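Here are a few notes to read alongside the model. Take them in order, with the structure open beside you.

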Amino acid sequence: MPLVLLCGLPCSGKSHRAAELGRYLREEAGKKVVEVAEQSLEMERNLVYADSHKEKELRGVLKAEVERKINKEDVVIMDSLNYIKGYRYELFCLIKHTQTPHCLIHCETAVDVCSSWNRSREPEQQYSQEIFDELVMRFEAPDARNRWDSPLFTIQKDDTLPFQAINDAIFHRKAPPPNQSTLNQPLSSTNFLYELDRVTQEMLMAILNAQKTSVPGDQITVPGTKVKIELTRILHMAELRKLRRQFISYTKMHPTENIGEISNMFVQYINRSLH
């Protein structure tokens, strides 16, 4: 069922809006609601947001919890900052994979009001002024022109939530169609992983050898492929190995029915990475 994302500056009223929407969906719409909330995790927010690695881990935990709770019956409300555009896109890919609608509620509260609300909290619940200011600077506002930020409901401090419009957006709208990157296909061959490893390793060596007689701008033909590599620059072994690891991880999740297509898929993956 649908995913509702809350988004906004620290202390902009996201949890209040999440609670309002949850009550409406349960009591008026008769839906089962599950909340994934940052504050439900036992963490020291100032320590987490001061450390990029810890913050990345937090986002991973929240995303995994959303993925675990999305099902055919429940509405999932995710209450967190969700301030990074790329992270919102990752969540959009998740709902495309599960083929369920979603919407984004942006609590657009003025910075001075957010700061005042932060200071009014209990000391252990406050953001330090330094962390608060940094998060305000990092915030990437949603844009309804981006498909991952749409449909978008921008809510001011004194606004009433447009309950019916939100209800229509998540229950009376088709889910975004899955694309090739979000469709899982069953493994069709017991030696798929072996072939994936072997073919990509052989292609790495072939690309390195072909580059010895090529210059940027050339198109490299790799044996066993129909697609040519568009060489915009020289690819060194370290970068090729990284691309190979990424491609293998991706292909394990989205295996092809035709092992013979692995080489062409790898070339296409490299070309996309170069542009």
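1. First, a word on naming: helices (H or I, at least four residues) and strands (E, at least two) are DSSP runs, numbered from the N terminus. Asparagine 271 is found in helix α10. Residues are numbered from 1 along each chain as its sequence is written. This is a predicted model, where local features need pLDDT of at least 70 and side-chain atom pairs count only at pLDDT 80 or more, while totals for chains, interfaces and linings use all residues; side-chain values use heavy atoms, with hydrogens and water left out.

2. How far can you trust it? pLDDT is the predictor's confidence in each residue, from 0 to 100. The protein averages 87, and 94% of the residues score at least 70. Over residues 180-190, however, the pLDDT is below 50, although this stretch has 24 contacts in the model beyond near neighbours in sequence (contact means heavy atoms within 4.5 Å). Where pLDDT is low, the predicted coordinates should not be read in detail.

3. Is asparagine 271 buried or exposed? Asparagine 271 counts as buried because its relative accessibility is 10%, and buried means under 20% relative accessible area, with a 1.4 Å probe and protein chains only. Leaving aside residues up to four places away in sequence, asparagine 271 touches Val227, Lys228, Ile229 and Glu230.

4. Next, look at helix α8, residues 192-211. Its 20 residues should span 28 Å at 1.5 Å a residue, and the end C-alpha atoms are 28 Å apart, which agrees; the expected span is 1.5 Å times one less than the number of residues. Buried residues of α8 include Phe192, Leu196, Val199, Met203 and Ile207. The buried residues of α8 pack against β6 (219-220), β7 (229-230), α9 (237-253) and α10 (262-274).

5. The structure holds 1 cavity of 30 Å³ or more, and about 70 Å³ of space lies in the largest cavity. On a 1 Å grid over the protein atoms alone, a cavity is a set of points where a 1.4 Å probe fits but cannot get out, and lining residues have an atom within 4 Å of a point. A volume is the space filled by probe spheres set on the points, which are joined across faces, edges and corners. Helix α3 (residues 52-69) gives the most to this lining, with 4 residues. Among the lining residues are Glu38, Tyr49, Arg59 and Tyr87.

Terms used. Buried < 20%, exposed > 50% of the residue type's maximum accessible area, 1.4 Å probe, protein only. 1 Å grid on protein atoms, 1.4 Å probe; cavity = no way out; pocket = protein on both sides within 12 Å on 5 of 7 lines; lining within 4 Å.
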